[in-house]
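Subject: Structure for your reading

Dear colleague,

Please find the structure below, together with its sequence.

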Amino acid sequence: MADSDCIVIMGSNMAENHPVAFRWPMQAKVEHGAKIIHVDPRFTRTSAVADIYAPVRAGSDIAFLGGVINYVINSERWNKDPFFKTWVVNYTNAATIITEDFKDTEDLDGVFSGLMEYKGGLPEWPFNAFVGEYKPDSWQYARTKVGATGEMAASTARAGETRVTTGPAASKAAAAQGERKTPPGPPYDKLVAALLKPPVERDETLQNPRTVFQIVKRHYSRYTPEMVERATGCPKETFLKVAETILANSGADKTTSFAYAVAWTQHTYGVQMIGACALLQLLLGNVGRPGAGVMALRGHASIQGSTDIPTLYHSIQGYMSAPSALKKHDTLDDFIAAETLPTGWWANLPKYMVSYLKSMYGDAATKENQFGYDWHPKILGDHSHLAMFAAMNAGKVKGMLCIGQNPATSLNARLERAAMRKLEWLVVKDNWIHETANFWKTAPEIKSGEVKPQDIKTEVFFLPATQVAEVDGTFTNTQRLLQFHHKAAEPPGDCRSDPWFTYQLGKRLKKLYANSTLPRDEGFKNLVWDYEHESEHERKIGEPSALKILKEINGFYTDDPNRHVAGFAELKDDGSTTCASWIYSGVYPAPDKNLAARRTPDPPGQPGAHLNWGWAWPSNRRIMYNRASADPQGRPWSEKKKWVWWDEEKKRWVGYDVPDYPATKPPTDKAKPGATGMDALPGTAPFIMRPDGVGWLYVPAGLVDGPLPTHYEPVESPVKNPLYKQQTSPVLKYWKDPSNPIAQLGDQKYPYIITTYRLTEHYLAGAMSRWNPWLTELQPELFIEMSPELAQEKGIKNLDWVRVTTPRAQIRAKALVTRRMRPFVIDGKTFHHVGMPWHWGWEGISTGDVVNELTSLVGDPNVSIHEGKAFICNVEKA
Amino acid sequence: MQVSRRDFLRISVAAGTGTALSGLIGSGVNLGPAVARAQELRIKGAKTTPSICPYCSVGCATLVHTVDGKIVNIEGDPRSPHNEGTLCPKGAAIFQLHVNPNRPTQVLHRAPGATEWEVWDLERAMDRIAELVKKTRDETFIEKLPNGKLVNMTPAIFSLGGATLEIEFNHIHQKLMRGLGIVAIENQARI
């Protein structure tokens, strides 16, 4: 971001929540005059240093971004500067032609073609919660319509969550797949080749009305500056200033970057918000180049790591889909046929999948038994956080291991705590005795006498954990950078590391199952479980070796375990390599080379990417898709924005970064007809993970809620959708439960928009900050921010106690009356907006009400994230 | 990998502009020797171990100073291209995550229906947890669905957490869970 000419921070308060990273936008501003734009409902410290602050009401971001897209497409500069046309035609799917059956939200007043009643899911798992579903056949590229695999591959975890459908569409697709004769593997080359589809139809003049470009143009044609003002409450003039600044700072020698955080994800259309930004950035050529991109500012030390190495139900290692009972995943061949994209980099999936199974089951995974595929569990549907608490509340979940998370203060917190009371057992492993550990003892409903501890039959364990400096391990930061940290001190008392717990639990279970002869236990008995520490001292404690675990993640040769694989290019589909996570392959390429532990920065003043500081996946590439930093001929777009380019003498890609491209594939390379993998793509195609090698302005497959971002209202909103008759996403998730009521549009009991957020001095649900005397002194108390206008209307003074109410709960907080909040005028009507930080709970040395009691179990249909950033409430003086 | 104090000083002086006081260095005042001396006094006799901030996802590098195995100080690593030695208020409070009278160090157990915790032995707790995992798994395991699909899983055990924890934990934990047939594995990345 230090290389950006313009930085748009939207859906984030970067100055307060990622303050150290915020030094780099500030450096860009101070050193070369970059513009900082902040688009947010609240005027925060980020707004205070921004060149433009654009206020928008929470949840209206797609209307705003759609407005920028419309502005850009119709601007003189974008239509005249050859950079944009060259970029869009060569590096995006703008020229691709879409099937005639496609109907846009402009045609159907807010829904896409293919909408139907949701009838999917298994009777064994009725927690998928879709309110509707799309049959996405009509969204496809012409000539490459949804084939047997199209829909299946479309809905893999690569775009988010598994599509959980067993409706007629899926069974038809499954039937079609059954008919297709795919040759078995390994090797899987023939199977992958059998998945090939005809190349896409294109019109590089972009004039055909069915090109992606024309569809995008029509889709956003009503997102005018006037409409943006009506929908978001941002004055038209401010919006236009933002749009002009972004466009003026994009092009061959300028780049604009966007930064977002959970204010773009916690919505029932959060994936589409990010999609709208990606669409805009692709139109502007702001991807894969220095100072460009869409930066996710994530919230936890290794949240990226726990997504890559997924403690997430829907995906197994390296963004492969979890085997599912809802898809044609019956055998390993079926899985590979359903999940492999035959063109582009994902054609390598069989190698990654087989190497993963080898990491699970070791020598017991053989070609004859499909590398143990049958032992691997299959998911039944949505097993995400919200779905699991709904299932727990329905009595379907008996035991829970809670390690470093605090759900007693999580979404619709009263419901989550009621669900936990139905557990037979709960293990809490944490650094602090937080609200979840004590949910049976000190929760508000216990203190009020509503629930008696004697009636809670849950057996609860608390195991104290180590802190960061007491254990070896690796965090993956938001830049995909792996950084190893070293043990500096012994942990006190019974504090043990988190890997210790899992390793020791596994060892005990191995013993308990040792004599089982049941087929269901065979897989577990074969699970490779040997991480004995190199040091005798650690072995005595029972601590597993972080390096042995890292080695399993990195991969090695099965016939010579001391030989690590140097990277994912070495992985094989025949069982000769084992590798848990292909994307992390290369971090530990030799027994004496843990690249995540490197701490050598570049010398000052030298352009570079600090390639010897830690290690970034994939292959230590610091900017992804960086082939796009060169033009189709392989030359830098400009001297100023040079990053990776083709060196004609050396016949290879060179530059400041590791090229995210086959090193010797020349820009002149033509796509080979009938080829699979990278040979199927021309040397001009930078987006190697896409089957067509280009960035997707329009998403023909992979999302369950439509190919183009469309403005919907939050589930709870006081505003009628100004753009369409369809009020909310027609396929969102809602977990129906008497404890999860929703306020309907027009409900006068809840007139105010509320959003939640974090503070610099606190962390998440507070366990890691509310026990910390230094931090609690800095930020001692929960508050609710409101505008002077609202405070006057309600007779509330600064520091008064205020009652905040939603259909789920009522809590108390101190009023913070401030100009940082402002009323919004939407469609001529005034709407008040309040905001609350959500760090508090009843344990710790600073306590306060649980703000998440106000929230509900509703979710994004792609990824099941909740809508915590925009809902409605009432406030009254307490 | 331990960085000796001498190595560390050499590296940080070489990094030069990477220190928090680089602004002053740029203004013509050479604080290099003074900074080095101050550093030396503060961490005299201490061992320096490189570490990483456990709060947000920026990944600020830190240095942990220990004397006789006890943590005496944690501060930003001036070599880091990300934070160049700086830390935010949370990062500056990492020391209190470790050294804090409120920190629990004992294993606790609460029996069904009990009104208080009881202190338990770690080994006893681990044995009991393993027993419960096995019991629930065995009672709720589904090999095949009524439609004949082989699934080899249980939906009745839920594992939550991981985004604040090392990838080594995430790896072996998801492996153990999936190895047992437990599919409901989630962390903060979802919400």
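A:Y141 lies in the loop that runs between β5 (133-134) and α7 (148-154) of chain A. Helices (H or I, at least four residues) and strands (E, at least two) are DSSP runs, numbered from the N terminus. With 25 C-beta neighbours inside 10 Å, A:Y141 counts as buried. A residue is called buried if 20 or more other C-beta atoms lie within 10 Å of its own, exposed if 12 or fewer, and partly exposed in between, with the C-beta atoms placed from the backbone. The C-alpha atoms of A:Y141 and A:I98 are separated by 4.3 Å, although these residues are 43 residues apart along the chain. Leaving aside neighbours within four places in sequence, A:Y141 is in contact with A:T96, A:I98, A:V200 and A:P700; a contact requires that the C-beta atoms of two residues, placed from the backbone, lie within 7 Å.

Please note that this is a predicted model, in which local features need pLDDT of at least 70 and side-chain atom pairs count only at pLDDT 80 or more, while totals for chains, interfaces and linings use all residues. Residues are numbered from 1 along each chain as its sequence is written, and chains are lettered from A and ligands numbered from 1 in the order in which they are written.

Is A:G251 buried or exposed? A:G251 is buried, with 22 other C-beta atoms within 10 Å. Its place is in the loop between α12 (236-248) and β6 (256-260) of chain A. A:G251 and A:F84 are 167 residues apart along the chain, yet their C-alpha atoms are separated by 7.0 Å. Leaving aside neighbours within four places in sequence, A:G251 is in contact with A:D81 and A:F83.

I turn now to the sheets. Strands of a sheet pair through backbone hydrogen bonds, either parallel or antiparallel. Here, two strands are said to pair if DSSP finds at least two bridges between them.

Five strands of chain A form an open sheet with parallel pairing, in the order β3-β2-β1-β6-β7. At its edges stand β3 (52-55) and β7 (293-296) of chain A, each with a single partner strand, so one side of each is left without a neighbour in the sheet. On average, neighbouring strands of this sheet are turned by 20° against each other, direction ignored; the angle is taken between axes, which are lines fitted to C-alpha atoms (for helices over the stretch in contact), and angles run from 0 to 180 degrees between N-to-C directions. Strand β2 (residues 35-40) of chain A is joined to β3(A) by four bridges, and the two run parallel. A:D40 has A:P55 in β3(A) as its bridge partner.

An open sheet of three strands in chain A has the order β16-β15-β17, with antiparallel pairing. Its edges are β16 and β17 (577-578) of chain A, each with a single partner strand, so one side of each has no neighbour in the sheet. Strand β15 (residues 556-557) and strand β16 (residues 560-564) of chain A run antiparallel and are joined by two bridges. β15(A) and β16(A) form a hairpin with two residues between them. Within this pair, A:F556 stands opposite A:H564 in β16(A), and A:Y557 has A:D560 as its bridge partner.

Strand β22 (residues 752-757) of chain A has five of its six residues buried, so it is largely enclosed by the rest of the structure. Five bridges join β22(A) to strand β28 (residues 833-837) of chain A, and these two run parallel; the bridge partner of A:I753 in β28(A) is A:H833. Three bridges join β22(A) to strand β30 (residues 871-877) of chain A, and these two run antiparallel.

Lastly, the two chains meet. How many residues of chain A are in contact with chain B? There are 132 residues of chain A in contact with 105 residues of chain B. Strand β12 (residues 459-464) of chain A and strand β4 (residues 107-110) of chain B pair in the antiparallel sense over three bridges, with A:V460 opposite B:R110 in β4(B).

Yours sincerely
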